[in-house]
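Subject: Structure handover

Hello,

Here is the structure you asked about. Please open it alongside this note, and my findings follow below.

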Amino acid sequence: MDLTIPTALKTLSASGSAAKSISSWWSRSKGDSRALIGELKNNLLYLDLVANDGVPLADVVDKISNDEFQRLSKDGFNFNKLKKGKIPKYNSLKGTDLEKWGGKETEQLIFSIYEKINEIVIKFPHVGDNKKYRWGVRVNNIRKRVWLLLRHVSD
């Protein structure tokens with residue numbers, strides 16, 4: 001599957017680079033932020049196995065988690081604490097599916113990432129064989145959004 005990656009995210013898309021970036025972010029964080037970033041890191045590693053190593057989604061879907069996100073949402077956590085300020089309108093995102101994220105809050109991107117993760121966790125066990133869901137595309141869309149989040153928090 002061909003994956004078009006905007007220039008603003010090219011470095012992060014390299015094998016291992018996103019994992020290193022998220023590990024660095026995790027080590028600088030504390031408390032609830034650290035718990036969420038750790039969960040995001042694990043989810044990204046599982047999705048990378050599917051996208052890069054040919055591991056079937058069925059083998060990892062039960063390991064993908066949204067527990068910390070759900071807990072923090074329930075507790076009223078301010079997800080904008082992860083990075084203050086709006087997502088920049090990176091020039092290299094123009095004309096891509098990520099262009100719409102420029103000018104939005106960090107919280108909106110986090111919610112979108114977890115909405116897509118939750119959709120996989122709920123639907124895949126029941127309709128995983130259905131070709132109309134294009135699971136590989138869905139996995140890559142989540143990965144690109146996580147890369148955008150990493151790019152944003154590293155600015």
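A salt bridge here is a side-chain nitrogen of Lys or Arg within 4 Å of a carboxyl oxygen of Asp or Glu. By this rule the structure has nine salt bridges. Please keep in mind that this is a predicted model.

Salt bridges

Start with Arg 143 and Asp 48. Their side chains meet in a salt bridge, at 2.7 Å from N to O. Arg 143 sits in helix 7 (residues 135–154) and Asp 48 in helix 3, so the pair ties together parts that are 95 residues apart in sequence. Are these two residues buried or exposed? Arg 143 is buried, and Asp 48 is buried too.

Next come Lys 63 and Asp 62. They form a salt bridge, and the closest N and O atoms are 3.8 Å apart. Lys 63 counts as partly exposed, with 42% relative accessibility. Asp 62 has a relative accessible area of 61%, so this residue is exposed; the cut-off for exposed is over 50%.

Then look at Lys 86 and Glu 105. This is another salt bridge, with the closest N and O atoms 3.7 Å apart. Lys 86 and Glu 105 both lie in the loop between helix 5 (67–74) and helix 6, so the pair ties together parts that are 19 residues apart in sequence. Glu 105 is partly exposed, at 27% relative accessibility.

Some salt bridges also share partners. Which residues do they join into one network? The members are Asp 32, Glu 68, Arg 71 and Asp 75.

Helix packing

Now to helix 3 (residues 31–53) and helix 6 (residues 106–127). They pack at an angle of about 45°, and their axes are 13 Å apart. The two helices are therefore oblique to each other. The crossing of helix 3 and helix 6 is left-handed.

Which residues meet there? Helix 3 brings Leu 36, Glu 39, Leu 40 and Asn 43. Helix 6 brings Ile 110, Ile 113, Tyr 114 and Ile 117. By class, this contact of helix 3 with helix 6 has six nonpolar residues, one polar and one charged.

If you want one place to begin, bring up Arg 143 in helix 7 and Asp 48 in helix 3. Then turn to the contact between helix 3 and helix 6, with Leu 36 and Ile 110 among its residues.

Best wishes

Note on methods. Residues are numbered from 1 along each chain as its sequence is written. This is a predicted model: local features need pLDDT of at least 70, side-chain atom pairs count only at pLDDT 80 or more; totals for chains, interfaces and linings use all residues. Side-chain values use heavy atoms; hydrogens and water are left out. Axes are lines fitted to C-alpha atoms, for helices over the stretch in contact, and angles run from 0 to 180 degrees between N-to-C directions. Helices (H or I, at least four residues) and strands (E, at least two) are DSSP runs, numbered from the N terminus. Angles under 35 degrees count as roughly parallel, over 145 as roughly antiparallel, 65 to 115 as roughly perpendicular and the rest as oblique. A crossing is left-handed if the near helix is turned anticlockwise from the far one by less than a right angle, and right-handed if clockwise. Contact means heavy atoms within 4.5 Å. Ala, Val, Leu, Ile, Met, Phe, Trp, Tyr, Cys and Pro count as nonpolar, Asp, Glu, Lys and Arg as charged, and the others, Gly among them, as polar. Buried means under 20% relative accessible area, exposed over 50%, partly exposed in between (1.4 Å probe, protein chains only).
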